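Subject: Structure handover

Hello,

Please find the structure below. My notes on the sheet and the salt bridges follow it.

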Amino acid sequence: MATLGRSPGHRQSPSTPQDLDVQIEEMSVDGDGIAHYGRLTIYVPFTIPGERVRVRVGRSDRGRASATLVEVLQRSPHRVAARCAHFEACGGCTWQHIAYPEQLRLKTRMVDRLVRAEVPDAPPAAPMLAPDARNPWAFRQKVHFVFAEGAGRRGSRDLLMGHYARNSRRVVNVTECPVHDARGNELAFAVHRQLARARIQADSGQGAALQSLTVRAALNSDELMATLAVSHETDRHLRTATRKAMELAPARTSFHLNLHDRDDGYIFGARTRTLKGAERLREDVGGASYLISPTAFFQTNVRAAELLVSQVLAAMPPSPSRVLDLYAGAGLFAIPLARAGHIVTAVESNRQAVADGLASARLNRLTDDQCRFVVSRTENAVSTSSRVDVVVIDPPREGCAPGVVEAIFGRLKPSRVVYVSCNPEALASDLGAIVGLGYHVRSLVPVDMFPHTAHIETVAVLAR
């Protein structure tokens with residue numbers, strides 16, 4: 001049996017599956033524990049730094065290997081029982097086995113470690129902000145499930161509804177999801193029961209093949225919005241099932257049908273039809289109001305979104321400024337910035353998000369002079385922008401598109417930049433390039449958008 005922890009360098013990496021005893025040293029950005037055996041780096045899910053564990057390692061590739069946890073030999077004092085019955089089988093959560101205060105500490109340390117590897121003189125990350133550290137459950141106002149066919153009794157096919165298993169397209173049928181808003185769960189499971197009774201299929205054959213169900217539950221009101229994605233919409237049984245579900249739903253519930261007939265990896269297709277209720281759901285975040293379309297992106301955890309907005313507002317200069325908001329989405333930051341007196345240009349490539357942003361701006365009684373939305377790719381917009389005091393950037397997980405960093409920090413040269421990141425690896429990489437263009441990192445504030453996962457949002461403030 002291998003010895004504990006990092007093994008001497010002359011040891012050979014395992015070439016066939018075998019059990020090893022190792023020490024978990026750190027956490028990966030995907031939420032796995034990291035251990036070493038000789039020159040091999042081993043990634044072990046459902047472990048905690050400091051634990052001694054027995055793992056089963058398969059074949060390695062370029063010095064890296066994934067392993068399955070066989071036994072915890074020495075438990076971390078931060079190990080707790082998972083709350084959800086589907087934990088480990090379901091790919092939604094990776095850290096329910098870690099006490100929540102330790103989750104926050106591990107995430108803060110991860111931001112520190114990754115950023116300092118690229119920017120050694122960066123300030124330490126502030127302790128992670130959490131909307132409710134005492135009760136980190138039912139925080140997802142956007143409830144999302146996928147459908148699949150499963151084997152039933154006597155050779156029949158059952159309609160499964162759940163989440164994908166980790167690193168897989170296999171659907172794990174779920175009966176609970178404690179990270180979802182309870183009202184969203186209740187409506188989703190009610191819709192599932194009606195669809196199952198109507199024998200609606202979840203494959204790509206004839207009829208109304210079911211893809212997914214999304215329910216958004218407004219945080220500050222009783223509004224609900226359900227969107228069913230299907231590959232076909234001609235099935236009369238689907239119409240009967242959805243009509244029954246609409247009859248049983250709470251009063252302020254809107255229903256929408258989305259046609260998603262391509263296997264393209266996206267949740268929604270291009271066409272959506274409103275079956276009942278309002279075309280948009282209203283959500284309030286930090287004093288601003290937003291109108292959200294069924295298929296447009298809006299933050300899943302509204303309480304955490306409020307923390308992000310407050311950090312962006314706090315980073316602004318005291319006097320009104322010209323602000324360029326890039327990757328603006330539906331105006332999460334643009335609208336409260338304009339309400340605070342800044343002159344905002346919001347750039348977003350998704351036309352549906354821009355349409356929502358314009359509707360929300362009107363709802364907040366903002367004029368085009370106060371908050372202007374532009375449909376454009378960020379890399380195109382920054383090449384033509386000028387006279388900007390502050391830039392806010394909230395890029396996708398891969399970070400800023402090529403050329404965006406140079407255009408902002410090398411050509412526009414705003415006095416201040418607020419970088420809102422959903423991926424600390426991409427953030428660290430971009431910050432490494434940014435400091436070489438004459439800027440320094442003033443602060444790093446991580447925010448916990450998704451408890452019980454390794455996902456981290458960070459607000460970085462940079463100045464010339």
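**The sheet**

Strand S16 (residues 322-326) runs parallel to its partner, strand S17 (residues 343-348), and 5 bridges link the two. One of the bridge pairs joins Leu324 to Thr345 in S17. Strands count as paired if DSSP finds at least two bridges between them; helices (H or I, at least four residues) and strands (E, at least two) are DSSP runs, numbered from the N terminus.

This is a predicted model, in which local features need pLDDT of at least 70 and side-chain atom pairs count only at pLDDT 80 or more, while totals for chains, interfaces and linings use all residues. Residues are numbered from 1 along each chain as its sequence is written, and side-chain values use heavy atoms, with hydrogens and water left out.

S16 and S17 belong to an open sheet of 7 strands with mixed pairing, in the order S18-S17-S16-S19-S20-S22-S21. Its edges are strand S18 (371-375) and strand S21 (440-447), each of which pairs on one side only. On average, neighbouring strands of the sheet are turned by 15° against each other, direction ignored. Helix H9 (residues 424-435) packs on this sheet and touches strand S20 (416-421), S21 and strand S22 (457-463). The direction of H9 makes about 160° with that of S20. Contact here means heavy atoms within 4.5 Å; axes are lines fitted to C-alpha atoms, for helices over the stretch in contact, and angles run from 0 to 180 degrees between N-to-C directions.

**Salt bridges**

The whole structure holds 18 salt bridges, each a side-chain nitrogen of Lys or Arg within 4 Å of a carboxyl oxygen of Asp or Glu.

One of them joins Arg109 and Glu26 at 3.2 Å, N to O. Arg109 is in helix H1 (residues 100-118) and Glu26 in strand S2 (residues 26-27), so this pair ties together parts 83 residues apart in sequence. Arg109 is partly exposed at 30% relative accessibility, whereas Glu26 is buried at 18%. (Buried is under 20% relative accessible area, exposed over 50%, partly exposed in between, with a 1.4 Å probe and protein chains only.)

Another salt bridge, at 2.8 Å (N to O), joins Glu51 and Arg79. Both are buried: Glu51 has a relative accessible area of 0%, and Arg79 has 15%.

Within H1, Glu102 and Arg105 are 3 residues apart, about one helical turn, and their side chains form a salt bridge of 2.7 Å, N to O.

Regards
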